Structures are given as C-alpha cells and as structure tokens.
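Please examine the sequence and the structure before reading on.

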Amino acid sequence: MQEVDEREECGMYFIPHLGVYRSDKKTSKLRVVFNASSATTNGYSLNSLQYNGGVAQNDLFSIMVRFRKYIFAFIADVQKMYRMIWINPDQRKLQHILWRENMDEPIKTFELSTVTYGTTSAPFLATRTLKQLALDEAGNFPLGSSVVMSDMYIDDVSTDQYLR
C-alpha cells in the first residue's frame with residue numbers, strides 16, 4: 001500500500017477493515033480482514049458493483065480425482081498470492097483504507113496496490129493472472145505451465161507431473 005493525498009476523488013471507495021488476532025495460536029500474527037461488502041452512504045458496496053469474473057481454473061473435483069490416480073504426488077501452496085499481484089493504478093482508488101501505526105499518530109489515507117482478499121473480483125484476478133503467466137511462459141517452462149493450467153486450484157497445486 002502507499003500513502004495518498006486525502007482529497008476526495010470521484011469514485012473513491014474506502015474498504016473497512018479490522019485486525020484479527022488469535023491468542024490461542026502461538027504462530028498466529030495479526031491478520032487484517034477487509035470488508036468490501038460494507039455499503040457506502042449511497043447503499044452500494046464495492047463488492048456489489050464488481051464483476052466476479054467467473055472461473056479461470058479447473059474445478060476442484062477434477063483436480064482431486066486426477067491427483068488420486070497416482071502412487072506418488074505432491075502438493076504446494078503459493079504463499080501470499082493475492083499480495084503478489086499488482087492492481088492497475090487507475091483502479092487503486094477503489095481500495096483506499098484509513099490506517100495508523102499506533103494511537104499516537106494521526107490517521108492517514110492509503111491505497112492498496114495489490115489484489116485484496118475480501119473483494120468479489122480477487123479470486124478471479126489471482127487465478128487469471130496465474131493462467132496468463134502459464135500461457136506467457138509455456139515456451140520457457142512447459143512442464144510448469146502444464147501444472148498451472150491443469151492442477152492449480154486458487155493458490156494450491158496438487159499434481160504428479162514432476163514424478164512421471
């Protein structure tokens with residue numbers, strides 16, 4: 001995220017958010033949860049106006065059935081996938097938040113620069129980005145491209161491709 005000017009622009013949206021901390025888990029960090037379903041004074045929320053984009057990956061059932069056919073397989077996870085995908089700068093005004101590091105500081109306005117969990121379009125944007133990367137790099141990484149195209153579900157991969 002980056003700090004932005006506080007002046008109002010047409011079409012700006014502030015995403016309400018809160019911190020969630022689970023004290024029963026020793027490894028848990030403070031997690032920020034965004035609520036883009038919160039309506040503004042005009043009655044609309046960011047999520048109510050966004051298009052979800054549809055499905056860009058194979059369905060989970062197909063992936064799991066294929067995964068179970070082999071004796072050896074592996075699974076992996078793309079860490080912090082949403083946070084690795086940039087949003088078009090023209091669209092970032094829809095992802096403003098109010099933030100301060102501690103109670104002694106003034107509240108500042110920031111805009112989120114990456115795909116934000118909690119928005120309707122986030123799953124599509126993330127999975128479509130992976131698919132495009134696989135298409136673009138198929139010549140350089142044919143096996144990896146094949147795995148991304150057929151064995152990914154959101155940010156998880158379940159495959160036997162490298163073990164054949």
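By class, four nonpolar, two polar and one charged residues make up the lining of the largest cavity. The structure is a predicted model. The residues of this lining are Ala-56, Gln-57, Thr-127, Leu-130, Lys-131, Val-148 and Met-149. Helix H3 gives the most to it, with three residues, and H3 and helix H4 (142–151) each supply at least two. The largest cavity has a volume of about 40 Å³, and a search of the whole structure finds one cavity of 30 Å³ or more.

The largest pocket has a volume of about 890 Å³. It is lined by 29 residues, of which Arg-31, Val-32, Lys-80, Arg-83 and Tyr-117 are the closest to its centre. Two or more lining residues come from each of strand E3 (31–34) and strand E5 (96–99); the largest share, four residues, belongs to E3.

The second largest pocket has a volume of about 250 Å³. Among its 19 lining residues, Gln-50, Ile-87, Gln-91, Ser-121 and Leu-125 are the closest to the centre. Here the largest share, three residues, is provided by helix H3 (residues 122–136).

| Pocket | Nonpolar | Polar | Charged |
|---|---|---|---|
| Largest pocket | 16 nonpolar residues | six polar residues | seven charged residues |
| Second largest pocket | nine nonpolar residues | 10 polar residues | no charged residues |

Note on methods
Residues are numbered from 1 along each chain as its sequence is written. This is a predicted model: local features need pLDDT of at least 70, side-chain atom pairs count only at pLDDT 80 or more; totals for chains, interfaces and linings use all residues. Side-chain values use heavy atoms; hydrogens and water are left out. On a 1 Å grid over the protein atoms alone, a cavity is a set of points where a 1.4 Å probe fits but cannot get out, and a pocket is an open set with protein on both sides within 12 Å along at least five of seven lines; lining residues have an atom within 4 Å of a point. Grid points are joined across faces, edges and corners, and a volume is the space filled by probe spheres set on the points. Ala, Val, Leu, Ile, Met, Phe, Trp, Tyr, Cys and Pro count as nonpolar, Asp, Glu, Lys and Arg as charged, and the others, Gly among them, as polar.
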